Amino acid sequence: MTTPAAPDRPAIGIAPMAATHLADVLALGHRVYDTSVKPYTSWSLSAIAGHMDGEASACWVALDGDRLAGFVLGSMGFDQRADWGNLEWIASAPEYQGRGVASRLVKACCATLTEAGASAVVTDVESRNTASAALMRRNGFEASVSVTLFVRETQP
C-alpha cells in the first residue's frame, strides 16, 4: 500500500511490522506516549512483542524509505471476547502527522483483524486525546462505553 507522492514528498509505504522494526517502534512510542499519565504507563518492548506474537497479529508500520513514520499494534482477542480485535497502540511521528499516515495504519490493522474473523474492532482513547478520538471517528469507530479510571495513590 502506498500513497501517491506529492511532487515534493516521497510516497509513504505501509508494510507488516517485522522484528527489524522493533527498536524504531519502541523509540517512537517513547517519543510520543506520555507514560507519566495514567492509564498509559505500560509502553514497553513486551507490549510490542505481545501483539507481534499474538493470534492474527495486525501490526503495521508506515515507512518513508527506511524511516519509521508511524505504527499500529493490534491483535485478536479483547478481554473475554476472542472474536473481537483490539487496536491497542498507534502512533505517527510528529513530523508525519496530518499526512493521513495514522488513518492508513488504522485501515490496515482493521482489515487484518476483519480477515482473521473479528466481529468488531475495539480501541480505547484517553478522554483528553481529542486528536485520537477524531482519528477513530473518521475511520468508522463510534464511542460505545465510557469507563472512568479511579486511582488511589498510596501514601508513605
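Predicted model: local features only at pLDDT ≥ 70, side-chain atom pairs only at ≥ 80, totals over all residues.
Figure 1. Leaving aside residues up to four places away in sequence, Asn86 touches Leu73, Gly74, Ser75, Gly77, Phe78, Leu113 and Val122. The relative accessibility of Asn86 is 9%, and the residue therefore counts as buried, since the limit for that label is under 20%.

**Figure 2. Strand S3 and the two strands that pair with it.** Strand S2, residues 60-64, pairs with S3 in the antiparallel sense over 5 bridges. Strand S4, residues 81-92, is also antiparallel to S3, and 8 bridges join these two strands. Two facing positions may be located in this view. Val61 stands opposite Phe71 in S3, and Met76 stands opposite Gly85 in S4. As a general point, the side chains of a regular strand alternate between the two faces of the sheet.

**Figure 3. The turns of the two hairpins.** S2 and S3 form a hairpin with 2 residues between the strands. In this turn, Gly65 has a positive phi of about 70 degrees. S3 and S4 likewise form a hairpin, again with 2 residues between them. Here the residue with a positive phi is Asp79, at about 50 degrees.

Figure 4. The structure holds 5 aromatic pairs. In one of them, the ring centres of Tyr33 and Trp89 are 4.8 Å apart and the ring planes stand at 55 degrees, so this pair is tilted. Tyr33 belongs to the loop between helix H1 (22-32) and helix H2 (45-52), whereas Trp89 belongs to strand S4; the pair therefore ties together parts that are 56 residues apart in sequence. Both Tyr33 and Trp89 are buried. Trp43 and Phe71 make a stacked pair, with 5.5 Å from centre to centre and 20 degrees between the planes. Because Trp43 lies in the loop between H1 and H2 and Phe71 in strand S3, this pair ties together parts that are 28 residues apart in sequence. Trp43 and Phe71 are buried as well. Tyr33, Trp43, Phe71 and Trp89 form one aromatic cluster.

**Figure 5. The largest nonpolar core.** This core has 40 residues, and those with the most contacts inside it are Phe71, Leu87 and Ile90. The elements that contribute two or more residues are H1, H2, S2, S3, S4, helix H3 (101-115) and helix H4 (130-138). Among these, H3 gives the most, with 8 residues. Not counting residues up to four places away in sequence, Leu87 touches Val72, Leu73, Gly74, Val106, Cys109, Cys110, Val121, Val122, Thr123, Met136 and Phe141. In soluble globular proteins generally, nonpolar side chains tend to be buried together.

Figure 6. The structure holds 0 disulfides. A disulfide is a covalent bond between the sulfur atoms of two cysteines. For Cys59, the closest cysteine sulfur is that of Cys109, at 7.4 Å, which is too far for a bond. For Cys109, the closest cysteine sulfur is in Cys110, at 5.5 Å, and this too is too far for a bond. The cut-off used for a disulfide is within 2.5 Å. Cys59 has a relative accessibility of 4% and so counts as buried. Cys109, at 0% relative accessibility, counts as buried as well.

**Figure 7. The close-up regions in the setting of the whole protein.** The protein has 4 helices and 5 strands. From the N terminus on, its elements run in the order β-α-α-β-β-β-α-β-α. Of its 156 residues, 37% count as buried. When contacts between residues at least 6 apart in sequence are considered, 61% of them join residues at least 24 apart. The protein exposes about 9,400 Å², of which carbon and sulfur atoms supply 53%.

Definitions and conventions
Residues numbered from 1 in each chain as written. Heavy atoms only, no water. Pairing = 2+ DSSP bridges. Phe/Tyr/Trp six-rings, centres within 6.5 Å; stacked < 30°, edge-to-face > 60°. Buried < 20%, exposed > 50% of the residue type's maximum accessible area, 1.4 Å probe, protein only. Contact = heavy atoms within 4.5 Å. Core = buried A, V, L, I, M, F, W, Y, C linked by side-chain atoms within 4.5 Å. Areas by Shrake-Rupley, 256 points an atom, 1.4 Å probe, with all protein chains shown as cover.
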